[in-house]
Amino acid sequence: MPAEIYAPFEKFNFSNTKCFLTGDALQSEEEKIQVFPQWLMSLYNLEDQPFKLLDESIATYKDLKIPCSARVNDEFLEPLENEIAEAFGKGYEGVKALDELKLFQWTSKLLYGIIFNEIQSGIKMMHAQGEEFNISQAIIHKFSHLHLMLQSVNLPIQFEEFKPYSLFLFKVDNKAEEFGYRDEINTQTFALRIKDFGFVMCLQDNGANAGYHHKIYSQIKDDTLHPIQFEEFSGRVFYSNYLFNRLPEYNILPVGEDIYIEDMPLRGISSKPLFDEWQNKTYGQVLENFWKNWGFLLLEIIKNPEKPVSYLFDEAGNKISAATIALPR
C-alpha cells in the first residue's frame, strides 16, 4: 500500500484540531510547534520581535505556531531541525555540506508555516466581516504543491530526476548579530542571511531560476560577498521569480510503498518564454527595498535606466571585489 498524501486545500481545513502535515486529529488545540524554531529565535532574540502579516496585523515571531502532532514532531521534524541547527552552527561550510533536500524541506516547513498563519488570519478577518474567505486558484495550486513536496519529510516521496527548487548559496561577510530574513509567499521565494552565509531559494520553480541566473551565479558563487552584494543578487532572484510565468504541474505515481513525483515540461503547450520581460525600473524598485540598510533611493539606482547601479559588476562587466566596497557591512 502506498503512503497516503494529505491534501488540506481540498477541504480547506486550517483549524487547530488537525496536524498541519498529516491531517491527523490532535489531542488538543495546544498541540503546536513554533514556525521559527526555538534555536533560531534564541540565537537572534527574535521571540518578541514584530512580524507583520499580509492583513497588516502584527504578530511576534513566537506567536507564529502551527498545529502538529507530537508523533510527527518527534519522528520527523525534530530530527530535521537538529540537523539544520548543527549545519547552521558550522556556518557556510556546514550548510554547503548539507543535503540540499533537507534544506529545501526545512525552508518549505518554515514558509508553509507562515502561509498557514496567513490563511488562518485571513479566515478570521473575513469571518469577522461576515464574508467568505477567498483565495485564487493559482495560489491554491502553488500552496498545495508546496505542501505536497513538504511531505517528503514524513512520507517516502521520491523526486523523479528533478529538483522542485532553485538554490543559491553564498559565503557572506555579515555582522555577527545580524538576522537577514525575507520571504515572498505568493512566489514562494525565501532568503536568509546569517552568520557567514546567505542563501536564496525559489521553492516551486523546478530549477527555472537556477537556469535564468546560471551565468551570474557561476561567476560569483565561490566569492565571499559583501551583504549589499548578496542583497543585490537576492533582489534579482526575487524579481525573476515574480516574472516566472508557469504553474508547474506534476504526475504523482505510487510505486509499491513509494510515491514518485514527476515534473511535467515547463514549456507545456505555450510558446512564450518562461519569464516575462525584465523591466529595469521595476527591478530598481525591488533593489531599493533590498538596499534599505544603505539608504539608496530609486532615482539613484536607475540614474542610468539601461544600467541600474550594481555592486556585483562594474560598468565593463567585471566582478567587484567585496573588499573594495566602502559601505558599512
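Which helix holds Ser234, and what does that residue touch?

A: Ser234 sits in helix α9. Keep in mind that you're looking at a predicted model. Leaving out residues up to four places away in sequence, Ser234 touches Ala191, Val200 and Phe290.

Helix α9 covers residues 227–243, and it holds both Arg236 and Glu232. These two form a salt bridge, with their closest N and O atoms 3.2 Å apart. Arg236 and Glu232 are four residues apart in the helix, so about one helical turn separates them. Is this pair buried or exposed? Both Arg236 and Glu232 are buried. There's also a network to find: Glu178, Arg182, Arg193 and Glu231 are joined into one by salt bridges that share partners.

Why would side chains like these pair up at all? Side chains of opposite charge can pair when their charged atoms come close. In the chain, the count of salt bridges comes to 15. There are 31 positive and 48 negative side chains to draw on, and the centres of the two sets are 5 Å apart.

Now compare that helix pair with a couple of others elsewhere. Take Asp48 and Lys62, which form a salt bridge with the closest N and O atoms at 2.3 Å. Asp48 is in the loop between α2 (38–43) and β2 (50–52), while Lys62 is in the loop between β3 (58–60) and β4 (65–67), so their pairing ties together parts 14 residues apart in sequence. Asp48 counts as exposed, with 54% relative accessibility. Lys62 has 35% and counts as partly exposed.

Another one to look up is the salt bridge between the side chains of Glu83 and Lys102, at 2.9 Å from N to O. Here the partners come from two helices: Glu83 is in α3 (residues 70–89) and Lys102 is in α5 (residues 100–128), so the pair ties together parts that are 19 residues apart in sequence. Glu83 is partly exposed, with a relative accessible area of 31%. Lys102 is partly exposed too, with 25%.

Next, go back to the stretch around Ala191, which was one of the residues touching Ser234. The strands β8 (189–194) and β9 (197–202) have a loop between them, and Lys195 lies in that loop. Lys195, though, has a phi near 45 degrees, which is a positive value in a residue other than glycine. Lys195 counts as partly exposed, at 28% relative accessibility.

You can find another positive phi at Glu161, where the angle is near 55 degrees. Glu161 lies in the loop between β5 (157–159) and β6 (166–172). With a relative accessible area of 77%, Glu161 is exposed.

Ser270 is found in the loop between β12 (258–263) and α10 (280–290). If you want a sense of distance, the C-alpha atoms of Ser270 and Pro305 are separated by 31 Å, and the two residues are 35 apart along the chain.

Finally, zoom out to see what all of this belongs to. The chain has eleven helices and twelve strands. Its C-alpha atoms fill a box of roughly 60 × 50 × 45 Å along the principal axes. A compact globule of 329 residues would have a radius of gyration near 20 Å, and the chain's own value of 20 Å agrees with that. As for contacts with a separation of 6 or more, 72% of them involve residues 24 or more positions apart.

Methods:
Residues are numbered from 1 along each chain as its sequence is written. This is a predicted model: local features need pLDDT of at least 70, side-chain atom pairs count only at pLDDT 80 or more; totals for chains, interfaces and linings use all residues. Side-chain values use heavy atoms; hydrogens and water are left out. The radius of gyration is taken over C-alpha atoms; the globule rule is 2.2 Å times the number of residues to the power 0.38. Contact means heavy atoms within 4.5 Å. Lys and Arg count as positive and Asp and Glu as negative; His and the chain ends are not counted. The place of a charge is taken as NZ of Lys, CZ of Arg, CG of Asp or CD of Glu. A salt bridge is a side-chain nitrogen of Lys or Arg within 4 Å of a carboxyl oxygen of Asp or Glu. Buried means under 20% relative accessible area, exposed over 50%, partly exposed in between (1.4 Å probe, protein chains only).
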